[in-house]
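Here is a protein to read through by question and answer. Look at the sequence and the model, then try each question before reading on.

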Amino acid sequence: METDEQRRALMQRVRQRKTAPEEAVAALLRSLGITYRRNVRSLPGSPDFANKSRGWAIFVNGCFWHHHTACGRATLPKNNADFWRAKFAANRSRDARKISELRRTGMRVVVVWECELEDSERLKRRLSDLREANRI
Ligand SMILES: [Zn+2]
């Protein structure tokens, strides 16, 4: 049986790990000469990166918390499975709501998944292609 204490410790660990992917995405954007602001609270959902005048926003999502579909990192803890299932469902619906709110304001929205950083060259090409297509 998982205690509240163990659950808190797990959440804490995952939360701390979350900052590394954002730093890596920041470095990729800079290397492509893409200018941005971080944690833009004036936009729905406070996107991790955004450029309001160019009209785009990027969320960097941890695969565990945001429960990336068909991703090996999107595990379901065995203890308190119902709690986690409900939590992930709530996170995913919040994500969908934030994205549609942003799109309604006319912003283009990109989601970068934590696992995409396993191949940062590939992610860099993806971001570069998005820039070429004027999506970011
Ligand atoms: Zn993933």
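Q: In which helix does Ala96 lie?
A: This is a predicted model, in which local features need pLDDT of at least 70 and side-chain atom pairs count only at pLDDT 80 or more, while totals for chains, interfaces and linings use all residues. Residues are numbered from 1 along each chain as its sequence is written, and side-chain values use heavy atoms, with hydrogens and water left out. Helices (H or I, at least four residues) and strands (E, at least two) are DSSP runs, numbered from the N terminus. On that basis, Ala96 belongs to helix α3.

Q: Why does Ala96 count as partly exposed?
A: Buried means under 20% relative accessible area, exposed over 50%, and partly exposed in between, with a 1.4 Å probe and protein chains only. Ala96 counts as partly exposed because its relative accessibility is 48%.

Q: Is Lys98 buried or exposed?
A: Lys98 lies in helix α3, which spans residues 81–104. Contact means heavy atoms within 4.5 Å. Leaving aside neighbours within four places in sequence, Lys98 is in contact with Gly45 and Phe59. Because its relative accessibility is 18%, Lys98 counts as buried.

Q: What pattern does the protein follow along the sequence?
A: The protein has four helices and four strands. Read along the sequence, they follow the pattern α-α-β-β-β-α-β-α.

Q: In what order do the four strands form the open sheet?
A: Strands of a sheet pair through backbone hydrogen bonds, either parallel or antiparallel. Two strands count as paired if DSSP finds at least two bridges between them. Here the pairing is mixed. The edge strands, each pairing on one side only, are β1 (37–38) and β4 (108–113). The order is β1-β2-β3-β4.

Q: How many bridges join strand β3 to β4?
A: Strand β3 covers residues 56–61 and runs parallel to β4. Ala57 has Val109 as its bridge partner in β4, and Phe59 has Val111. The number of bridges joining β3 to β4 is six.

Q: Which residue in β3 does Phe49 stand opposite?
A: Strand β2 (residues 49–51) pairs with β3 in the antiparallel sense, over three bridges. The hairpin of β2 and β3 has four residues between the strands, and Gly55 there takes a positive phi near 80°. The residue in β3 opposite Phe49 is Ile58.

Q: How many of the six residues of β3 are buried?
A: In a regular strand the side chains alternate between the two faces of the sheet. On one side of β3 are Trp56, Ile58 and Val60, and on the other are Ala57, Phe59 and Asn61; all are buried. The number of buried residues in β3 is therefore six.

Q: Which residues coordinate the zinc ion?
A: Donors are N, O and S atoms within 2.8 Å of the metal (3.2 Å for Na, K and Ca); water is not among the atoms, so sites may look incomplete. Along the chain the donors follow the spacing C-x4-H-x2-C-x43-C. At 2.1 to 2.4 Å, the zinc ion is coordinated by Cys63 (SG), His68 (ND1), Cys71 (SG) and Cys115 (SG).

Q: What is the arrangement of the four donor atoms around the zinc ion?
A: Four donors count as tetrahedral if all angles lie between 85 and 135 degrees; four count as square planar and six as octahedral if opposite donors are over 155 degrees apart and all others between 65 and 115; anything else is irregular. Because the four donor atoms here subtend angles of 100 to 114°, the arrangement is tetrahedral.
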